[in-house]
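The following note sets out points for a colleague who is examining this model. The sequence and structure come first, and the numbered points follow.

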Amino acid sequence: MTQAPDTGLSAGEVARRLGIAVTTVRTWDRRYGLGPSRRDPGRHRRYDQRDFARLELMRQLTVHGVAPAEAARVARDLRDPGEPRAGAEHAVAAGAYTAASLRRAAYALDPATLQRLARQALTGGVVPAWATAFAPALREVGRRYSTLGRYIAAEHLLSAAVSAALAGVRRPPARPSVLLACAPAELHSLPLEALAAALAERGRASRMLGARVPADVLGDAIARTGPSAVVLWAHAASTADPGQLAAALSARPRPALIAACGPGWAPQNLPGGVRTLADLAEAVTVTARLP
Ligand code: B12
């Protein structure tokens, strides 16, 4: 638990303190904007305490399996410069601990514990709970399931608990301006459930059409509700349906944002007017900005 001195730290000193390569420090600066904020004339740029806290959080999140782009977004959001490291360390450690506890409760087929843990995880906010606890637990249980079919019950109980906890986040009484829908053959709806809950936390209401939304149903829903954003989820290439994108693109009024999200879509094959969103944090930032 080292503090950056008042004079700031060089990239090399930051790397040493964090136990990572200096090239990683520079990459995180260049690629994710996690650089030093001090620019003293005639000197190299120096990392102050807050810059250092961000990098420390970035390292902890990536060590816990959070994808670098998502970890960087969480790290850039770091507030409370007074006690940055204590708060960040606590959040990450709590997330990792919750992910492990969720997995244990899932393997033990213990729904009451799963529900309690999932609700508790949300007290720190939907985005950190998803990034540090829910998604890692889901990935791990999904991995076990793919190698050993008997984990299917654990996966079902875990996803039911996560889904119920996300649905428990209070929805604002605002007019829904965001439309969320899965691809026509897609059953994986949890990432969109997380997005609906994260938007609700920010006072934004959404309409979640859920799993398996046929193209014509989507087009009709857009025409009837006039959303400013439409977010479509496909978890596998086999469910990603260009016909659904075409329905969104031709619907009137045309939504300001049409996003194809999830590992099922191939970004290079998307038609013009459709964008991708890399993770929950980006999806929240981009959709919450719209009117
Ligand atoms: C829960 C779950 C289910 C539940 C879904 C419940 C629900 N309401 O969502 C149920 C039981 C229904 C289910 C069914 C099936 N599933 Co399933 N399931 C999962 C599991 C465990 C979690 C899914 C999830 O929510 N992932 C979200 C996060 C954790 O996933 P991620 O891809 O790592 O996230 C990255 C990005 O997507 C992005 N991201 C994450 N969250 C968000 C949020 C937003 C808004 C954005 C923009 C981005 C974003 O950031 C992450 C980092 O890059 C996964 C395991 C896994 N690794 O995902 C398997 C998994 C996706 N399922 C799988 C399979 C095979 C199936 C079935 C076909 C099984 C079967 N034989 O019946 C069926 C039917 C699928 C269908 N037709 O849609 C495979 C898919 C393999 C593939 N690529 O084709 C997986 C990977 C398991 C495995 N290892 O085999 N499943």
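1. A crossing of two helices is called left-handed if the near helix is turned anticlockwise from the far one by less than a right angle, and right-handed if it is turned clockwise. In this predicted model, the crossing of α10 past α11 is right-handed. The two helices, α10 (residues 215–225) and α11 (residues 242–250), have axes that come within 8 Å and cross at roughly 20°. Angles under 35 degrees count as roughly parallel, so α10 is roughly parallel to α11.

2. The residues behind this pairing can be listed. From α10, Ala-215, Asp-216, Leu-218, Gly-219 and Ile-222 take part, and they meet Gly-243, Gln-244, Ala-247 and Ala-248 of α11. Sorted by class, the contact of α10 with α11 consists of five nonpolar residues, three polar and one charged.

3. The domain assignment divides the chain into domain 1 (11–82), domain 2 (85–167) and domain 3 (178–289). Taken over C-alpha atoms, the centres of domain 1 and domain 3 are separated by 32 Å. Contact between these two domains involves five residues of domain 1 and four residues of domain 3. On the domain 1 side, the residues that touch domain 3 comprise three nonpolar, no polar and two charged.

4. Six of the residues in the contact of α7 with α9 are nonpolar, none is polar and one is charged.

5. Helix α9 has a further pairing, with α12. The axes of α9 and α12 are 10 Å apart, and the helices pack at an angle of about 50°, which makes α9 oblique to α12. The crossing of α9 past α12 is right-handed. On the α9 side the contact is made by Pro-191, Ala-194, Leu-195, Ala-198 and Leu-199, and on the α12 side by Leu-280, Ala-283, Val-284, Thr-287 and Ala-288. The classes in the contact of α9 with α12 are nine nonpolar residues, one polar and no charged.

6. Two places in the backbone deserve a look. In general, most residues other than glycine have a negative phi, and most peptide bonds are trans. Leu-109, although not a glycine, has a positive phi of about 50°. Leu-109 is found in the loop between α5 (84–107) and α6 (111–121).

7. Arg-252 and Pro-253 are joined by a cis peptide bond, with omega about 0°. Pro-253 sits in the loop between α11 and β4 (257–261).

Definitions and conventions: Residues are numbered from 1 along each chain as its sequence is written. This is a predicted model: local features need pLDDT of at least 70, side-chain atom pairs count only at pLDDT 80 or more; totals for chains, interfaces and linings use all residues. Axes are lines fitted to C-alpha atoms, for helices over the stretch in contact, and angles run from 0 to 180 degrees between N-to-C directions. Helices (H or I, at least four residues) and strands (E, at least two) are DSSP runs, numbered from the N terminus. Angles under 35 degrees count as roughly parallel, over 145 as roughly antiparallel, 65 to 115 as roughly perpendicular and the rest as oblique. Two residues are in contact if their C-beta atoms, placed from the backbone, lie within 7 Å. Ala, Val, Leu, Ile, Met, Phe, Trp, Tyr, Cys and Pro count as nonpolar, Asp, Glu, Lys and Arg as charged, and the others, Gly among them, as polar. Domain bounds come from an automatic or database domain assignment.
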